[in-house]
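Look at the structure below before reading the points.

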Amino acid sequence: MATDVLAGQEQRVAELTDQLVSQYPPSSTHAVEFLGAQYDMGLAWVHFPVGSGGLDVSPKFQKIVNEKIARAGGPSSYARNPIGYGMCGPTVVEWGTAEQKDRYLRPLFTGEEIWCQLFSEPGSGSDFAGLSAKGVRDGEEWIINGQKVWTTLAHLSKWGLLVVRTDADAVKHAGLTAVVVDMQAQGVEVRPLRQMTGEAEFNEVYFTDTRVPVSETLGNVGDGWRVSLTTLMNERVAIGGAIPQKGSGPIREAVRLWQQKPVESQDLATKDQLMKLWIRAEVARLTNIRAGQSRKMGVPGPEGSIGKMASADLNKETYEFCIKLLGAEGMLYGSYEMVRPDTAMSFDSIPKAFLRARANSIEGGTSEVMRNILGERVLGLPGDVRVDREIPWSKVPRN
Ligand SMILES: Cc1cc2nc3c(=O)[nH]c(=O)nc-3n(C[C@H](O)[C@H](O)[C@H](O)COP(=O)(O)OP(=O)(O)OC[C@H]3O[C@@H](n4cnc5c(N)ncnc54)[C@H](O)[C@@H]3O)c2cc1C
């Protein structure tokens, strides 16, 4: 895009954000009203079309909006509705009908309607295309049966982005369909799954003869794999693609703890470890900036998988380092009472962040799977062994 066009877009985004913050001062405006106004001004996802919460400009300018709003103490849609904002919104805008975009995007953005992602099943996580939950058409409705697992925030959700098998005789990637399911509909049961932080951030979800109108299909019947790729690519960017300020995030905690140590116990070997982590955090940040610039109008490619993989290992190692600096204090943990949190990935202590970071190399696709994507799609290495690609799903042996 021409430089003067980009400069014009940047100026418009900055001016509109200033206008938003002055017309709706965050200190005296309810979060839902503020976010609603943000959506209406096209500042929700700036790269989305006009009328769907965007301005049809380069996605790189969202950073300007987010930073100005954060500085003014305004609310964040991502914090209220992380799966909705980061993954379901971009999927609805790419695959939804005009009616679906009108119905879903604004309350998703304001956090009045929380969303969850119903992809993983007990028998299919990495091999998500092998899933078994069934959708059978009955007139103008789908009848859904099956089980999903690890469904983050399902206990708070109004809507779920669900992928089911609608044609068992097609090859596995071709027989899938994506629908939007009302999480309060009859036959939907949500059960907590407790994780090692003590929280139950995610859930098992059971569907028993749940009826979903066919008009709630996202994309066409059989498009489920392509629809879910949009979700997964955005998920990887949401998890690993954030562009924090230099020296912020987990590495800031490590530096803070280091600086709190008495000077006589700041040994050079530990300082060396801290410096190596700091350099890796900065390299990851710069790589994400570069990846963000090559991303076309917000449609992420394999670079999202690289950022996701790098940040998973780095987060784990940085929090391990923090625990080491805390010494015996790092073993103290508040309470293991089961809590059903009202958002995901919130850390109020280093030990909790340390425990929660273990999930980073699993959620949104494991690091092994990210390495496969990196090897195949970026480095052009020979592909993973796939023996069930050409066989109808119903004929693939499974236990
Ligand atoms: C905190 C958290 C939140 C989550 N939230 C959601 C959510 O909201 N919605 C949702 O649908 N899912 C969610 N998930 C599920 C997540 O997407 C899956 O856990 C993930 O895709 C891995 O699947 P799996 O657990 O079935 O492991 P498996 O796929 O069974 O993998 C087991 C092991 O085998 C390895 N492996 C598998 N295939 C390959 C391969 N081809 N090459 C090399 N190694 C391989 C994996 O790396 C892993 O080490 C969440 C998970 C976590 C941890």
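The shell around the ligand draws residues from both domain 2 (115–227) and domain 3 (228–378), so the ligand lies between them; the domain bounds come from an automatic or database domain assignment. This is a predicted model, in which local features need pLDDT of at least 70 and side-chain atom pairs count only at pLDDT 80 or more, while totals for chains, interfaces and linings use all residues. Residues are numbered from 1 along each chain as its sequence is written.

**Ligand shell**
- The ligand is surrounded by 22 residues, counted when the C-beta atom, placed from the backbone, lies within 6 Å of it.
- Phe 119, Gly 125, Ser 126, Thr 366 and Glu 368 are the closest.
- At least two shell residues come from each of β1 (115–118) and α12 (367–378); helices (H or I, at least four residues) and strands (E, at least two) are DSSP runs, numbered from the N terminus.

**Helix α12**
- α12 has 12 residues and spans 15 Å from first C-alpha to last, close to the expected 16 Å, where the expected span is 1.5 Å times one less than the number of residues.
- Gly 380, which follows α12, has a positive phi near 70°.
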